[in-house]
Amino acid sequence: MAISGYLTPIFSLSVSPFISAQSWLSQRYLAFSDFFNSPLDMATLSSENQRLENEVAMLQSEVVALQENLAQADILYALLDFARTNPDHEYVAATVVGREISPYLQYVIIDKGSNDGLRHGMPVVTQQGLVGRIDALISNAARIQLITDANSAVNIKLQTAQVEGLVRGSVTGEISLDMVPVGTEVQLGDVIMTSGLGGTYPPNIFVGQVLTMQSKQNVLFQTGSVQPVVDFSTLSAVLVITNFEAVDISPLVP
Amino acid sequence: MLSYFLGFTGFLVTLMLQLSIFSQWKILSGSADIVLLYVIAWSLYDRTKWMWIMLLIMMGMVSLVSALPFFIPAIVYLLVFWASRLVQSRVWQTPLLAMFVLTFGATIVQILLTVGFLFVQRADINFSQALIEVALPALLLNMLLAIPIHALVRELAFIAFPQGVEE
């Protein structure tokens, strides 16, 4: 009869008070047990929490370090890519470790020097384009004069206009275009490459793009502003072209 | 000997911080020169006889890392040394005021010498741009940083010259 289910309502009615009582008792017991055991649990949880927090902090610092390494690796891969696509030159990769003290001068210091085969006047590039040239060096460090320095002048050619000119730096770190003959049609955005004239830099290295042009009356040359292709404020790794010997024309200058 | 060691160590730390961090902190195109600020602050508190030798070494190191010609830091640092001795004997009760006065004067002299040097080298200089975008922001940053640098060097000087630091 029990199997057939005829007694189920009777069983339910008779068992339900016991279940309720059991449930009440169990809850009270758990509450009682928690009351006495919770300080121990709290202490365990607290120490566990502390341990996990320490672990999280350690992992976070590891993540930051790995992200730094990844960013550095990205830069190095890009430099390597550039070196592979420009096999005419030999390169030495270097890290920028310092910047010029005076705000009027635009120089950076790299961690490679004469021990690594670097010499005075060697051109310095990144995967984007021209950075500058070595101005001074010791055995394990070198100072690079950036093309944005006020004393820097780079002979260039405009790719579309097919004319030559000069890119000069300034005390504020901006670069400008000069010595472009009047009458030359220069398009904004025209690509500026090194011309190789003067023997200071190898030809066909990307310098920047024409931003604006100015042509005044009664002057022989047009001037303009240039958007450099290299972001000099975030420069962190560079390539020094070691198989290019800069020509020193200073004895020929009157 | 401790004073020389602390003074020189402080200078090296300052130089490294300048090259790696403070040269990149810019307002417009001007940046602070905490090496100059350190030299000024240390000169104000220095009580040693041979400070000028340490100054020569500092000049040499700055000339080594900077593209500035040797005579610019030499003139500025020697002027700072001379002026700090002068100031110590007259307004020694107010070293912070002396720090401000010397920072202002030394920054102006350094700017004038640098611009003069670039002008002689026939560099492409727009004087109004050089004043507004470089000189004034650099002066402002130097004046702002003069306070913390002075406070740090003062603490260092208390260790280096326990008897002789006036405040």
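In chain B, α1(B) passes α2(B) in a right-handed crossing, a crossing being right-handed if the near helix is turned clockwise from the far one by less than a right angle and left-handed if anticlockwise. Helices (H or I, at least four residues) and strands (E, at least two) are DSSP runs numbered from the N terminus. This is a predicted model, in which local features need pLDDT of at least 70 and side-chain atom pairs count only at pLDDT 80 or more, while totals for chains, interfaces and linings use all residues. Residues are numbered from 1 along each chain as its sequence is written, and chains are lettered from A and ligands numbered from 1 in the order in which they are written.

Two packed helices are described by the angle between their axes and the distance between the axes. The axes are lines fitted to C-alpha atoms, for helices over the stretch in contact, and the angles run from 0 to 180 degrees between N-to-C directions. For α1(B) and α2(B), which spans residues 34-45, the angle is about 160 degrees and the axes are 8 Å apart. This makes α1(B) roughly antiparallel to α2(B); angles over 145 degrees count as roughly antiparallel, under 35 as roughly parallel, 65 to 115 as roughly perpendicular and the rest as oblique. Residues are in contact if their C-beta atoms, placed from the backbone, lie within 7 Å. Among the residues making this contact are B:Phe11, B:Leu15 and B:Phe22 of α1(B), together with B:Ile34, B:Tyr38 and B:Trp42 of α2(B). The contact divides into eight nonpolar, four polar and no charged residues. Here Ala, Val, Leu, Ile, Met, Phe, Trp, Tyr, Cys and Pro count as nonpolar, Asp, Glu, Lys and Arg as charged, and the others, Gly among them, as polar.

What is the orientation of α1(B) and α3(B) to each other? Their axes are 11 Å apart and meet at an angle of about 20 degrees, and the two helices are therefore roughly parallel. Their crossing is right-handed. The residues in this contact include B:Phe11 and B:Leu15 of α1(B), with B:Met54, B:Met58 and B:Met61 of α3(B). By class there are nine nonpolar, one polar and no charged residues.

Helix α2(B) also packs on α6(B), where the axes come within 9 Å and cross at roughly 45 degrees. These two helices are therefore oblique to each other, and α2(B) passes α6(B) in a right-handed crossing. B:Tyr38 and B:Trp42 are included in the contact from α2(B), as are B:Ile149 and B:Arg154 from α6(B). The contact holds 11 nonpolar, two polar and one charged residues.

Between the chains, 28 residues of chain B are in contact with 19 residues of chain A. On the chain B side, the elements giving two or more residues are α1 (2-22), β2 (30-31), α3 (51-65), α5 (95-120) and α6 (127-160). The most comes from α6(B), with five residues. This side of chain B comprises 13 nonpolar, 12 polar and three charged residues.

Chain A is assigned domain 1 (9-85) and domain 2 (92-245), the bounds coming from an automatic or database domain assignment. The centres of the two domains, taken over C-alpha atoms, are separated by 55 Å.

As to confidence, chain B averages a pLDDT of 87, and 95% of the residues score at least 70; pLDDT is the predictor's confidence in each residue, from 0 to 100. The model scores ipTM 0.87 and pTM 0.78.

Technical notes:
Contact = placed C-beta atoms within 7 Å.
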